[in-house]
Amino acid sequence: MTTMTRRRLLGAGLGVSAALALGACGRAAGDTGTLRVGALGKASALQQDPHANLSNESDFLIASLIYEPLTVPGVDPTVRPRLAAAWSADAAQRRWVFTLAEGATFHDGSPVTAEDVVWSLRRLREVGGESKMPVARPDDITADGPGRVVVTASAPNTQIPVLVRLMTFTVKRGTTEFSNAVGSGPFRLESYRQGNARLVRNDAWHGPRPRLEAIEVTMFDSVDALSNAVVGGQIDLASNVGAIAGRTAAGRGDLQVVRRPGDTAIAIAMRTADGPFADPRVRTALRLAADRDALVAQTFSGYGTVANDILGTGDPQYAKEIPQRRRDVDRARALLAEARFDTGATYQLVTKEEAPGEVESARVFATQLRDIGVDAEVVVQDSGTFYDRTWLHAPLYTVNWGTNDSVLFYAAKLLSSGSNRNETAFADAEFDAATAAALGAADPAGYARACRTLQQIEYDRGGYLVWGMADGIDIASSRVRDLPTLGGFGRVQLERVWLS
């Protein structure tokens, strides 16, 4: 979409309504106006159901401001209360009790009850599977009084509060139609049109009163359009806009560049169950073909760091002692020969314009693969087609993930054989055992040992080529204050932001 089209959209719709609203009414003490946020998204992937797969950044941002999960990301510890004010587990680490925040109400004024939360979590389990709600059956989620919700895991699981962060959005019991978007979060929906939304402050929110009167979210279908809009002043904040735009904005007095280190993993998923990359020697060869320094330099413009084929780089348990894998073309060629890999064929590397730099990384890596005799054709799909046809099925495709502070989060959600989001079709009994041991570990030493084991397996024979971590880059007007600095999906927590 061109900048002019986007400007017309802002001028004719959301932007003008915000300006009129600000000019027509006075402000209470501490009010700081309307924040205009741009986020990436595709019309083909629009989704308002908070329990569905929210592949658009814009959709996820909107949902995160309207609805409340039980917990949200933090710094230390990495999980903080939100709709759940507190939680505790029994001695077996299976039965978790979440106590709801006092005074939590929906945007229509009705109280949030334990029955609402139970209904929402059960629906999330049915729609998203165990990877989104880590219980074996929906019936494993029950109410225990008016403000207590019980989540019972099928096996000991010390990580339940982490595993439900920013996923367990609560809706009113029985809700299956979401155009009205009645949640209990810090902002409520005033209007929505094709991925663009105006949200106004929820003065009845149980948390600290937001200082912003409203947030307008505008969807942009390309990084270029998003960065042009913030540079041109049509929006106040370009969320997760990428390194190239960050370098363009650096040094301008009217803009600030917020750099969130280790924000997003952009990786290659290689199918392990069958197909051309099922042999672990072939997967190792592809990893050895990657020139990680060049990928970081060319894809992230240096705003990133080299990674080592293990997801969860921000976790204190991340195994830094595992040697950094470096490029070795000769060894890669030898492994392909051992595996009798067909170097005469052309293999599709499927990607999509979702995370900044994702398509570029695929093209750079395809060039690097030629040095080991592998011909990869980069195929760019729109997000809708990608998630309908490619994700979870194709032999070779790019992925991106924005929660980097828990090795075990990824092990349980993406690599365990029973996960319905197992992107590489990885099934490894030793890995599953290590994951279960880490989830159930009652002592820190046992937890550390299990985490170390599962990371070694992921490094040796997993299905991911994790070559680098992109810094999160947000560009904002110099007037925007207290922007989130957490990596990953913490970037959507805008409830404390204000305008000077």
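**Reading the second largest pocket**

In this predicted model, residues 78-418 carry the UniProt annotation "domain: Solute-binding protein family", taken from an unreviewed entry.

Me: What makes up the chain over residues 78-418?
Reply: Over that stretch the chain is 27% helix and 25% strand, and the end C-alpha atoms lie 25 Å apart.

Me: How do you know how far to trust residues 1-26?
Reply: pLDDT runs from 0 to 100, and over residues 1-26 it stays under 50. Where pLDDT is low, the predicted coordinates should not be read in detail. The model has 38 contacts beyond four places in sequence for residues 1-26. For the protein chain, the average pLDDT is 91, and 94% of the residues score at least 70.

Me: Which residues are closest to the centre of the second largest pocket, and how much space lies in it?
Reply: The space is about 680 Å³. Of its 42 lining residues, Val223, Val241, Pro356, Gly357 and Glu360 are the closest to the centre. Elements giving two or more residues to the lining include α7 (243-249), β12 (255-270) and α11 (358-369). The largest share, five residues, is from α6.

Me: Which domains each give at least three residues to the lining of the second largest pocket?
Reply: Domain 1 (31-67 + 185-236 + 479-499) and domain 3 (264-471) each do.

Technical notes. Residues numbered from 1 in each chain as written. Predicted model: local features only at pLDDT ≥ 70, side-chain atom pairs only at ≥ 80, totals over all residues. Heavy atoms only, no water. 1 Å grid on protein atoms, 1.4 Å probe; cavity = no way out; pocket = protein on both sides within 12 Å on 5 of 7 lines; lining within 4 Å. Points joined across faces, edges and corners; volume = space filled by probe spheres on them. Helix = DSSP H or I, 4+ residues; strand = E, 2+ residues; numbered from the N terminus. Domains from an automatic or database assignment. pLDDT = per-residue confidence, 0-100. Contact = heavy atoms within 4.5 Å. UniProt positions renumbered as here; feature names shortened; annotations may be inferred.
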